[in-house]
Amino acid sequence: MNTLLKVIVRFHFLLIFIILETISLSLFISEDINKKNVVYSSANVVSGYFYNKINNWRSYFILAKENEDLRAENLKLKNDIQIIEKNKDNKSFQKSDSLQYPYIAAKVINNTVYKGKNYMTIDKGKLDGVDKDCGIIGNEGIVGVVAAVSNRYALVVSLLNERLALSAKIKKNNYFGTLKWNADDYRFAEFTEIPNHTNINIGDTVVSSGFSAIFPEGINLGVIYKVETSESNNFYDLKVKLSTDFKSIRNVYVIKNLQRKEQINLENLAEDEY
Amino acid sequence: MSINIIYRNIIRFFILIFLQIFIFNNINVTSFGIIPFVYILYIILSPFETPNWLLLITAFFLGLLIDIFSDTLGLNSSASVLIAFIRPWILNSLSPRDGYEVSTFPRIYYQGLVWFIKYAAILILFHQIAYYFLDAFGFDNLGLTLIKVIIGSFITLSIIVLSQYIVYRK
């Protein structure tokens, strides 16, 4: 016992170093985007408050650009309304009574694009109705998924996070695969699992598949930028240019799938049974 | 160490965290998004007499606080604990023949520009190597990671050396 104490006293510096470095590295390696604790993230009360304050101050400088973006979005929605109005009498156009995907408007108050695992903080939280696993979309398409919420803020796993994989499909022929960021360039992502007998051209639109219970079907993700055939298997290696400009994104919407629980329960039930 | 110096270090600790999170984290110097890591100035400027174990622990919490605000849990704390660990050896190997003079600090004012650049550059380089290799999580993009390490170290070193002239204090 005495010798053990002597060893500890003699090597206390090395021991503390090993302990602290082990804690740090295990925090880094074991990070799981599905079990993120909001207290240790930028969406905690203190951090959220500061980011929100600074963001309010900074937003005065970019009001003009923000107005421009919102006007462009309004224009698009006005055009969409016209199309829907025209189709109203069409019997094939079904109107659902309840809204499955209500939107909540939010602002990005903290954002990174250059790390391997990028996160965002938004200024809406539990009190505003945001939950874990809500989807986040911007004017141009999908932005990310909520990982953790505090009362007033939420931490969003950006699409630019190598641990996030989204189910996506080619709009024109409905072939689906997995979209994942490769931690390289914030403008591009990789799209895999599309069999190489399908006809794919540069410029084809990639949208969400609607399988994941997070995003509705058909939300923009990007366009095919580069098509490569793999030698080792029968799938394409596709590079997608993301439609969202992650570097300048500010106004986003939280999508809440009210039927998510039902879908997940049903899927789990089916998995248990068969 | 006098109480005054301890207070000064505690205040520096929080000021540097604040500057890092709200100013330097938003400065992307290149198209790779390299940011200056000014918070390690705390470890660089800690007095010679700081107990080594204490510096390890403060470095850990320094990194952890930066991590919590930048959503990089474990990344900055690993890198800053590493440089707090190697600092005693660096100080030893750079020490003048009869040791550092009493009541001086590891600053340009006392030790000279050349000494400070050597000392800071080694610590910053180790920090950047740990940070970017851990962030890339391996040696996949070796070329890009090395470029980030070199440019990042250079930018951080420049700002840290400049800061010594801007905040000019004994």
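Rings of Phe, Tyr and Trp (its six-membered ring) pair if their centres lie within 6.5 Å; planes under 30 degrees apart count as stacked, over 60 as edge-to-face and the rest as tilted. By that rule the structure holds 30 aromatic pairs over all chains. In one of them, A:Phe50 and B:Phe18, the ring centres are 6.5 Å apart and the planes stand at 80 degrees, so the pair is edge-to-face. A:Phe50 sits in helix H3 of chain A and B:Phe18 in helix H1 (residues 3-22) of chain B, so this pair joins two chains. Helices (H or I, at least four residues) and strands (E, at least two) are DSSP runs, numbered from the N terminus.

This is a predicted model, in which local features need pLDDT of at least 70 and side-chain atom pairs count only at pLDDT 80 or more, while totals for chains, interfaces and linings use all residues. Residues are numbered from 1 along each chain as its sequence is written, chains are lettered from A and ligands numbered from 1 in the order in which they are written, and side-chain values use heavy atoms, with hydrogens and water left out.

**Two domains in chain A**

An automatic or database domain assignment sets the bounds. Chain A has domain 1 (38-87 + 98-162) and domain 2 (165-242). Their centres, taken over C-alpha atoms, are 23 Å apart. Contact means heavy atoms within 4.5 Å. Buried area is the accessible area (1.4 Å probe) that two parts lose on being put together, summed over both. The table sets this interface beside the one between the chains.

| Interface | Residues in contact | Buried area | Share on carbon and sulfur |
|---|---|---|---|
| Domain 1 of chain A with domain 2 of chain A | 20 residues from domain 1, 14 residues from domain 2 | about 1400 Å² | 76% |
| Chain A with chain B | 34 residues from chain A, 36 residues from chain B | about 3000 Å² | 69% |

On the domain 1 side, A:Tyr101, A:Ile142 and A:Leu159 supply 39% of the area buried against domain 2 of chain A, more than any other three residues. The elements giving two or more residues to that side are strand S3 (135-138), strand S4 (142-149) and strand S5 (154-161) of chain A. By class, the side has 10 nonpolar, six polar and four charged residues. Here Ala, Val, Leu, Ile, Met, Phe, Trp, Tyr, Cys and Pro count as nonpolar, Asp, Glu, Lys and Arg as charged, and the others, Gly among them, as polar.

A salt bridge is a side-chain nitrogen of Lys or Arg within 4 Å of a carboxyl oxygen of Asp or Glu. Between the two domains of chain A the count is zero salt bridges. A polar contact is a pair of N or O atoms within 3.5 Å; within protein, one must be able to donate a hydrogen and the other to accept it, and residues adjacent in sequence count only if both atoms are side-chain atoms. Two residue pairs are in polar contact between these domains (both at pLDDT 80 or more).

**Chain A against chain B**

Zero salt bridges are counted between the chains. Seven residue pairs are in polar contact there (both at pLDDT 80 or more). Helix H2 (12-29), helix H3 (45-59) and strand S2 (117-122) of chain A each give two or more residues to the side facing chain B. H2(A) provides the largest share, 13 residues. That side divides into 19 nonpolar, nine polar and six charged residues.

**Local contacts in chain A**

A:Thr112 is in the loop between strand S1 (103-111) and S2 of chain A. Its side chain makes a polar contact with the side chain of A:Asn118 (2.8 Å).

Over all chains, the count is 11 salt bridges. A:Lys65 forms a salt bridge with A:Asp69, with the closest N and O atoms 3.0 Å apart. A:Lys65 and A:Asp69 are four residues apart in helix H4 (residues 63-87) of chain A, so about one helical turn separates them.
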